[in-house]
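Me: I've got a model open here and want to talk it through with you. Can we take it one question at a time?

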Amino acid sequence: MADKQPSKKTIEDLLKMLAMGEELSQKQKKEMSDYKFWKTQPVSKFDETVKEEGPIDQSRTPDDIPDEPLPMLKDFEWVTMDLEIPEEMDQVYKLLHEHYVEDQDETFRFDYSAKFFEWALKPPGWKKDWHVGVRVKSTGKLVAFISGIPTLLNVRSKDINSVEINFLCIHKKLRDKRLAPVLIKEITRRVNKQNIWQALYSAGVILPSPVATCRYTHRPLNWEKLHDVGFSTLPPNVTKAQMVAKYALPSTTKTKGLRKMKIEDVDQVLELYTKYQARFDMIQVFDKDECLHWFMGNQSQQDLPEDEKVIVTYVVEDESTGKITDFFSFYMLPFSVLNNPNHDKLGIAYLYYYATDVAFNNDDDDNDSKLQKRLDSLINDALILSKNYKVDVFNAVTSQDNVLFLKDLKFGPGDGFLNFYLFNYKAFPINGGIDKNKEYDMVNKSGVGVVML
């Protein structure tokens, strides 16, 4: 007789308990260990103590991997989405727009665009075969999707040839069909055929087993609109005018030498990025083409009007030497506002990568203080500039050196957490910029350098 599996509701309750940092009983831990799909995968188990970092399963080669896709449910079929074809790109956009993450109250929904996917899913080295879809046989309707992109991950100075898995989405009416595990297995098969065995992914829920956890933070730029749509609440004994004043920003930036990044800046930006990121435990390694793509987009995106940009990067140039001393970047991913008569969209920016050469002044005992002061100034300018892109709220997680400036710049801790996972790789825990109470960890800061979209 097969082992009895914990019910879906029980598993969801346990996941919520773990997300809130609550301890599980022995019985509950057993139920989590029986989590049917993940216990078959090469991932760290709950409560497992990692004794040595490195791959979990090194026994297979591409020849051991089946050439044919996994069996699919009756009435459905596997497809490879060709994002070079506008119609197929539009189908992916519509599926994720209507069925990807939305809040429990169904008030907001990510408003992905074709331009965003051009940037996020087609970096240098991208493979069409890693854009996996499921269609209804009879109608051709796209009802599920998962993607992978190549990335050179580095964990504590060890390079790991990997993929970044993202945008797992299943049509709402099909979420009782257990399609998610099948999609994960199929993208794994396709990646393994390319002799790649490790992956990086993230999720808001607890799965076996996070290598790091960061907290989302939000910095209102247009508080009145955020309050109108239900994103922000009015605290007791405070007026709306006081809240608007609290989050007011100067109209102009103050960093001398600040300007938009140009193509000819790429070598200096890459050098600064690489040196700055080396300070963290888990990072992405970029080459020149990847640096250009991730900080400026492909050629078509570089020529977009400013109000249609997906990724925006500014550099600070020392006018006397021509040296780039700092840069910061942010990307745009708006929300659709549902069921609101006055607003249909929220402008959202997400802090991406940044760097400053102030971090390298190792001879100074007070260098953290100087780094904090410099980042306060740089990211405050990023907030000011983002308003030119009609941004209503600026988001960041507690990765990189973010905890140094979040409080000063009036970012508020959100309810959400972002868990980072490594597939087929064990790593010692990496601090995510929060302590055991989920507050900003100003002492240990964060070892997470990588930013997930």
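Me: Leaving aside neighbours within four places in sequence, which residues is Ile184 in contact with?
Reply: Keep in mind that this is a predicted model. Ile184 sits in helix H5, residues 179–192, and its relative accessible area of 16% makes it buried. Once the neighbours within four places in sequence are set aside, the contacts of Ile184 are Phe37, Trp38, Ile146 and Leu168.

Me: Which residues of helix H4 are buried, and what arc do they cover?
Reply: H4 runs over residues 114–121, and its buried residues are Phe116, Phe117, Trp119, Ala120 and Leu121. They lie on the same side of H4, because the arc they cover around the axis is only 165°.

Me: What area do domain 1 and domain 2 bury between them?
Reply: The domain assignment gives domain 1 as 46–203 and domain 2 as 212–426, with 26 Å between their centres over C-alpha atoms. On the contact side, 44 residues of domain 1 meet 42 residues of domain 2. Carbon and sulfur atoms account for 62% of the buried area, which comes to about 4000 Å².

Me: How many salt bridges does the rule find across the interface of domain 1 and domain 2?
Reply: The rule asks for a side-chain nitrogen of Lys or Arg within 4 Å of a carboxyl oxygen of Asp or Glu. Across the interface of domain 1 and domain 2, the number found is 1.

Me: Which residue forms a salt bridge with Arg156?
Reply: The closest N and O atoms of this pair are 2.3 Å apart, and the partner is Glu53. The pair links distant parts of the chain, 103 residues apart: Arg156 is in the loop between strand E5 (142–155) and strand E6 (158–170), Glu53 in the loop between helix H2 (26–33) and strand E1 (54–55). Arg156 counts as partly exposed at 26% relative accessibility. At 12%, the residue that counts as buried is Glu53.

Me: Are Arg259 and Asp265 buried or exposed?
Reply: Their side chains meet in a salt bridge, 2.8 Å from N to O. As for accessibility, both Arg259 and Asp265 are buried.

Me: Which helices hold Lys288 and Asp267?
Reply: Lys288 forms a salt bridge with Asp267, with 3.4 Å between the closest N and O atoms. Lys288 is partly exposed at a relative accessible area of 41%, and Asp267 is partly exposed at 45%. The two are 21 residues apart, Lys288 in helix H9 (residues 288–296) and Asp267 in helix H8 (residues 266–277).

Me: Last one: which residues do salt bridges that share partners join into one network?
Reply: By the rule, the count of salt bridges comes to 19. Salt bridges with shared partners make one network of Asp129, Glu186, Arg189 and Arg190.

Methods:
Residues are numbered from 1 along each chain as its sequence is written. This is a predicted model: local features need pLDDT of at least 70, side-chain atom pairs count only at pLDDT 80 or more; totals for chains, interfaces and linings use all residues. Side-chain values use heavy atoms; hydrogens and water are left out. Buried means under 20% relative accessible area, exposed over 50%, partly exposed in between (1.4 Å probe, protein chains only). Helices (H or I, at least four residues) and strands (E, at least two) are DSSP runs, numbered from the N terminus. The arc is that of the directions from the helix axis to the C-beta atoms. Domain bounds come from an automatic or database domain assignment. Contact means heavy atoms within 4.5 Å. Buried area is the accessible area (1.4 Å probe) that two parts lose on being put together, summed over both.
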